[in-house]
Amino acid sequence: MDRAPVTGRNITKTIQLASASALALVGATFGTAAAAEDLTLCWAAWDPANALVELSKDFEEQSGHTMNFEFVPWPNFADRMLNELNSGGQLCDLMIGDSQWIGGGAENGHYVKLNDFFEASDISMDDFADAAVYAYSTWPKGTENYYALPAMGDANGWFYRKDWFTDPEIMAAFEAEHGRPLGEPQTQRELMEIAKFFQGREIDGQERYGVSIFTERGSEGITMGVTGALYAWGLEYENEPGSYDMVGAMNSPEAVEALEFYTELYECCTPPGYTNSYMGESLDAFKSGQVAMAMNWFAFFPGLYADPDIGGDKIDFFVNPPQNQEASTLGGQGISVVSYPDKQDAALEYIAWFAQPEVQKQWWALGGYAVHDAVLEDPAFEESQPFAGDFLQAMNAVQDFWQEPTYAELLLAMQERVHNYVVADQGTAQEALDALIEDWTEVFEDDGKL
């Protein structure tokens with residue numbers, strides 16, 4: 001995720017399943033550059049990781065290498081893998097690490113710089129979506145210094161109970177109350193109206209609630225949730241990119257209004273006891289029929305659509321609504337070669353294989369969010385999944401958290417300040433943001449940036 005808004009080439013673009021013969025041709029291009037090795041790829045434990053295991057069977061067959069996988073549940077992922085990197089561990093030959101890790105991975109020598117390899121392998125970053133390259137691959141930001149290949153595009157989006165939204169009685173009640181048809185919200189304020197409408201409403205004999213949003217304090221949850229509102233209101237972390245001058249930007253009137261909005265959304269329209277929710281809790285609230293709308297990462301959308309109870313015709317999707325501007329909180333990751341193990345040649349073979357257009361097409365078909373132009377610019381892309389068009393729209397307006405090497409300290413400070421205000425009802429939004437700037441200023445001073 002990065003502090004500067006990223007607007008890439010207009011990504012309007014699915015895909016046809018790559019055939020086995022096409023994949024075999026791709027594999028023949030790199031073959032046996034290194035002796036057969038056992039490689040370990042480290043990532044988070046979630047649906048896309050399972051898809052990658054399936055995809056990687058072709059690499060094993062074509063290369064002779066054996067792939068092992070270390071998948072860690074999201075609540076423990078950052079601590080586990082950053083400890084592995086910081087200790088110079090030998091476990092991970094390949095790392096699909098969060099975008100925020102790029103700065104530390106580069107400056108601390110955890111990741112192999114890939115520029116020479118890309119050039120020798122004829123891999124061009126121009127073949128991937130600009131937003132993904134900027135966020136997942138580069139350090140310093142915006143330079144042509146690459147420490148990862150874009151692996152998994154992602155953003156925070158929304159899904160909703162389409163069967164409720166199209167129920168004639170519910171539609172009539174909403175229009176009578178609001179004077180407009182019930183449909184996907186076009187602004188953050190409309191999202192609030194719809195959430196309030198569903199809060200406490202009885203549907204099929206059960207009490208329902210408006211939304212499930214992110215409120216978790218322990219890792220990154222509430223930051224990833226609240227930034228969806230902050231970015232939509234026009235948040236910039238700095239007055240000038242790279243200046244670390246945050247006063248008047250991070251605590252602007254628009255930022256205060258957005259934080260107040262998110263707090264009201266939490267207070268008015270979430271299920272009871274919803275004080276520490278992130279990905280799993282948001283999914284559970286939706287799948288159990290508690291809420292009309294839910295935020296979560298696009299990575300989960302294929303599984304939701306396939307769900308026999310709440311998927312198919314019962315569900316639909318929308319991009320994070322704008323308020324003052326279009327904006328979505330960036331998720332997703334790049335894949336890097338870890339510098340400490342001695343299997344870098346074999347690990348680079350995996351990167352070369354994964355970068356091939358036909359493999360990228362197969363990755364999307366299996367449920368991974370490929371960001372290669374061969375996938376995104378396919379004329380059939382937007383019709384390939386009911387959320388494909390929303391994904392493209394989101395990725396054209398993504399913004400990310402700091403990617404500084406000190407991002408962990410910056411994130412912990414925001415988690416505490418925002419959770420204390422939104423969930424614990426301490427102080428005001430202005431006070432929370434003012435205090436956060438003080439926290440961040442201290443971090444940047446200690447890091448020699450101020």
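**Largest pocket and helix packing in a predicted model**

Q: In this predicted model, which element gives the largest share of the lining of the largest pocket?
A: The largest pocket has a volume of about 520 Å³. Of its 27 lining residues, the closest to the centre are Ala 78, Asp 79, Leu 82, Tyr 407 and Ala 408. The elements giving two or more residues to this lining are α3 (74-86), α4 (102-107) and α18 (407-422). The largest share, nine residues, comes from α3.

Q: Which domains each give at least three residues to the lining of the largest pocket?
A: By class, this lining holds 14 nonpolar, nine polar and four charged residues. At least three residues come from each of domain 1 (9-154 + 331-399) and domain 2 (156-329 + 406-446).

Q: Are α18 and α19 roughly parallel or roughly antiparallel to each other?
A: Helix α19 covers residues 429-446, and its axis lies 9 Å from that of α18. The two pack at an angle of about 165 degrees, and their crossing is right-handed. Angles over 145 degrees count as roughly antiparallel. Therefore α18 and α19 are roughly antiparallel.

Q: What is the orientation of α8 and α9 to each other?
A: The axes of helix α8 (residues 168-178) and helix α9 (residues 188-198) come within 11 Å and cross at roughly 120 degrees. The range 65 to 115 degrees counts as roughly perpendicular and over 145 as roughly antiparallel, so an angle between these ranges counts as oblique. The crossing of α8 and α9 is right-handed, and their orientation is therefore oblique.

Methods:
Residues numbered from 1 in each chain as written. Predicted model: local features only at pLDDT ≥ 70, side-chain atom pairs only at ≥ 80, totals over all residues. Heavy atoms only, no water. 1 Å grid on protein atoms, 1.4 Å probe; cavity = no way out; pocket = protein on both sides within 12 Å on 5 of 7 lines; lining within 4 Å. Points joined across faces, edges and corners; volume = space filled by probe spheres on them. Helix = DSSP H or I, 4+ residues; strand = E, 2+ residues; numbered from the N terminus. Nonpolar A, V, L, I, M, F, W, Y, C, P; charged D, E, K, R; others polar. Domains from an automatic or database assignment. Axes fitted to C-alpha atoms, helices over the stretch in contact; angles between N-to-C directions. Parallel < 35°, antiparallel > 145°, perpendicular 65-115°, else oblique. Left-handed = near helix turned anticlockwise from the far one by under 90°.
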